[in-house]
Amino acid sequence: MAKAPSSQFVCQDCGAVTRKWAGKCESCGAWNSITEEAAREEVPKGLTAGKGKRIEFVGLEGSSAPLSRWLTGIGELDRVCGGGLVPGSCLLVGGDPGIGKSTLLLQATARLSAQVSVAYISGEEAVDQVRMRAARLGYAKANVALASAGSLRDIIASLDQPDAPQVVVIDSIQTVYADNIESAPGTVSQVRACAAELIRLAKRRGFVLFLVGHVTKEGTIAGPRVLEHMVDTVLYFEGDRGHQFRILRAVKNRFGATDEIGVFEMTEGGLSEVANPSALFLAERRGNVSGSCVFAGMEGTRPMLVEIQALVAPSSLSSPRRAVVGWDTNRLSMVLAVLDARCGLALSGNDVYLNVAGGLRIAEPAADLAVAAALVSSASDVPVPADMVVFGEIGLSGEVRAVAQADTRLKEAAKLGFDQALVPARPRKDKGGGAAGAASPLAIRSIGHLQDVLGLFRHE
């Protein structure tokens with residue numbers, strides 16, 4: 001009698017396998033993420049039974065025509081994807097529940113249906129429910145093939161045809177299951193196996209595959225993040241569901257720039273594109289308020305102006321609060337330490353609140369100087385000039401370092417009506433335009449040390 005396969009314990013966040021259950025995963029540190037699953041064979045059946053077929057190698061320069069991209073008709077989505085959809089590619093779309101993943105993909109497939117054949121397979125909603133959303137968005141007459149299914153075997157049998165659709169949406173990959181795997185849908189084994197088979201089919205048939213992925217409490221794609229290594233493009237939705245703005249960020253893209261973002265606004269008719277995000281983020285900004293500073297940043301290839309708000313208040317607690325929204329908490333701690341040690345501005349006894357207005361999350365170090373300016377402005381109760389933009393990186397010795405694409409940032413600021421900029425001093429060896437271009441339409445104030453920021457606001 002054959003021995004029943006032993007069970008194994010798999011972390012649902014990182015995919016690590018252990019022989020026994022534990023409350024904390026030793027690989028990624030996640031708590032209560034380990035579940036029991038049936039162990040799979042190390043070698044698939046029949047793989048070593050016979051000899052394999054020899055692979056045919058070809059040259060790097062081929063005679064076939066380059067693949068042409070398909071435009072979705074949604075400019076912000078095409079920008080994030082690198083200029084359109086590449087046939088045979090797989091895109092993973094993640095985000096919080098209700099943030100707009102299904103809405104955006106339904107809009108994209110409805111517009112694509114005018115030029116290519118598309119299929120929308122939902123494992124979470126019935127066909128009538130998808131039709132209701134399409135009618136609300138105004139795409140009830142779109143030529144989209146709908147289906148509600150969860151069996152991987154049925155999905156592959158329907159798509160592995162000579163007349164397969166050219167664009168396929170699976171909403172979501174956590175609801176797809178393979179009947180030969182003894183695990184519940186959504187577990188690591190199911191998600192990894194189902195995604196691998198669907199991606200293999202998309203490469204062979206040449207259709208674009210969209211996989212919708214759920215996210216964990218930490219905001220990462222569940223199931224686990226090993227999916228990010230299997231797909232060609234990973235898109236994350238950012239922003240609060242209670243906010244009207246939605247930001248689609250490409251954290252991985254084999255066919256375009258990473259960290260590219262698309263900005264959308266949630267309306268009654270679905271997600272609408274935002275042509276000028278900087279103007280929209282600054283629309284509700286109020287001038288002559290201490291603690292407010294405009295940062296000229298770069299998101300992928302696009303310049304973006306956002307408002308950084310800081311509030312420094314006396315604290316009655318032994319450990320003052322440090323609340324950050326839209327920026328790195330560790331980076332804020334570093335800026336506060338530099339202000340204390342290098343500039344003599346002690347804020348260790350105060351509560352510090354930092355917010356990036358509009359729901360955008362900033363990751364580049366160029367925001368250091370803008371954050372420092374907002375902190376000094378709030379602490380001294382001296383407003384930053386309303387027509388000034390700020391950017392620059394701060395070192396641990398207090399020096400202000402130059403950042404890339406300074407001229408692009410300044411041009412965007414001038415386009416929106418700003419008159420002056422607080423930027424790092426140009427390096428001595430820089431001959432072509434490091435900190436700021438010589439022909440900038442803005443009045444440039446160059447500083448080399450963070451101490452100069454304190455002197456600037458004390459004499460305003």
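A residue counts as buried when its relative accessible area is under 20%. Keep that cut-off in mind as we walk through this model, which is a predicted one.

Who does leucine 336 touch, once you skip residues up to four places away in sequence? The answer is Arg322, Leu347, Val352 and Leu375. Take Val352 from that list: leucine 336 and valine 352 are 16 residues apart in sequence, and their C-alpha atoms are 9.5 Å apart in space.

Now hop over to a spot with a database label. The unreviewed UniProt entry puts a "binding site" feature at Gly95, Asp96, Pro97, Gly98, Ile99, Gly100, Lys101 and Ser102. Let's pick two of these residues. Aspartate 96 is in the loop that lies between strand S4 (90-94) and helix H2 (101-112), while lysine 101 belongs to helix H2. Are they buried or exposed? Aspartate 96 has a relative accessible area of 34%, so it is partly exposed. Lysine 101 comes out at 9%, so it is buried. Leaving out neighbours within four places in sequence, aspartate 96 is in contact with Lys101 and Val215. Lysine 101, with residues up to four places away left out, touches Val93, Gly94, Gly95, Asp96, Val212, Gly213 and Phe237.

Next, a pair of helices. Two packed helices are described by the angle and the distance between their axes. For helix H4 (residues 152-159) and helix H5 (residues 188-205), the axes come within 11 Å and cross at roughly 5°. Angles under 35 degrees count as roughly parallel, and H4 and H5 are therefore roughly parallel to each other. On the H4 side, the contact is made by Leu152, Ile155, Ile156 and Leu159; H5 brings in Cys194, Glu197, Leu198, Leu201 and Arg205. Sort the residues of this contact by type and you get seven nonpolar, two charged and no polar.

Finally, take a look at a sheet. Strands of a sheet pair through backbone hydrogen bonds, and they can do so in a parallel or an antiparallel way. Here three strands make an open sheet in the order S2-S1-S3, with antiparallel pairing. Which strands are at the edges? They are S2 (17-18) and S3 (34-38), each pairing on one side only. Strand S1 (residues 7-11) is joined to S3 by five bridges. If you want a landmark there, find glutamine 8, which stands opposite glutamate 37 in S3.

Terms used:
Residues numbered from 1 in each chain as written. Predicted model: local features only at pLDDT ≥ 70, side-chain atom pairs only at ≥ 80, totals over all residues. Heavy atoms only, no water. Pairing = 2+ DSSP bridges. Helix = DSSP H or I, 4+ residues; strand = E, 2+ residues; numbered from the N terminus. Axes fitted to C-alpha atoms, helices over the stretch in contact; angles between N-to-C directions. Parallel < 35°, antiparallel > 145°, perpendicular 65-115°, else oblique. Contact = heavy atoms within 4.5 Å. Nonpolar A, V, L, I, M, F, W, Y, C, P; charged D, E, K, R; others polar. UniProt positions renumbered as here; feature names shortened; annotations may be inferred. Buried < 20%, exposed > 50% of the residue type's maximum accessible area, 1.4 Å probe, protein only.
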